[in-house]
Amino acid sequence: MPTFPLLADGAKTQFPYTESVRFETLSVTVPSGERYAYSQMANGTRFWTIGGPSVSDADIATLRAFFEARRGSWEAFDFVDPRTGLTVTNCRFDQDLFEYQALGPNENRVELRIK
């Protein structure tokens with residue numbers, strides 16, 4: 001399985017990044033008015049938002065090539081958690097469009113969501 005690429009300076013991700021957990025539930029309201037909620041998964045889904053306002057042109061090219069090779073959210077990959085250093089398997093991008101903004105010479109803004 002492919003692994004999320006290192007940046008040009010050898011870093012796992014651009015700082016700052018955010019990490020969060022989302023818990024998904026299914027709720028059903030029956031005609032008597034009672035409501036039932038069921039967890040979709042035993043554990044929540046972890047999300048990372050990486051990128052930021054000062055990403056170099058070389059890093060944009062690396063991230064874009066990796067994103068396009070995965071065809072957005074289509075193909076799974078391994079991601080090294082920047083906080084723990086552990087490899088998380090079966091990750092995907094949580095978006096299908098790679099968008100970035102050129103701020104100046106060798107300075108770009110991008111946000112990629114990984115789940």
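Author: A nonpolar core, in the sense used here, is a set of buried Ala, Val, Leu, Ile, Met, Phe, Trp, Tyr and Cys residues joined through side-chain atoms within 4.5 Å, where buried means under 20% relative accessible area. The model is a predicted one, and its largest nonpolar core has 19 residues, among which Phe4 and Ile114 touch the most other members. Two or more residues of this core come from each of strand 4 (45-55), helix 1 (57-69), strand 5 (77-80), strand 6 (87-91) and strand 8 (107-114), and helix 1 gives the most, with 4 residues. In soluble globular proteins, nonpolar side chains tend to be buried together.

Two of these contributing elements lead on to the backbone. In the loop between helix 1 and strand 5 lies Arg71, whose phi is near 55°, a positive value in a residue other than glycine. Asn90, for its part, lies in strand 6, and here too phi is positive in a residue other than glycine, with a value near 60°.

A further positive phi belongs to a glycine, in the hairpin that strand 2 and strand 3 form: 5 residues stand between the two strands, and Gly33 in the turn has a phi of about 100°.

Notes. Residues are numbered from 1 along each chain as its sequence is written. This is a predicted model: local features need pLDDT of at least 70, side-chain atom pairs count only at pLDDT 80 or more; totals for chains, interfaces and linings use all residues. Side-chain values use heavy atoms; hydrogens and water are left out. Buried means under 20% relative accessible area, exposed over 50%, partly exposed in between (1.4 Å probe, protein chains only). Two strands pair if DSSP finds at least two bridges between them.
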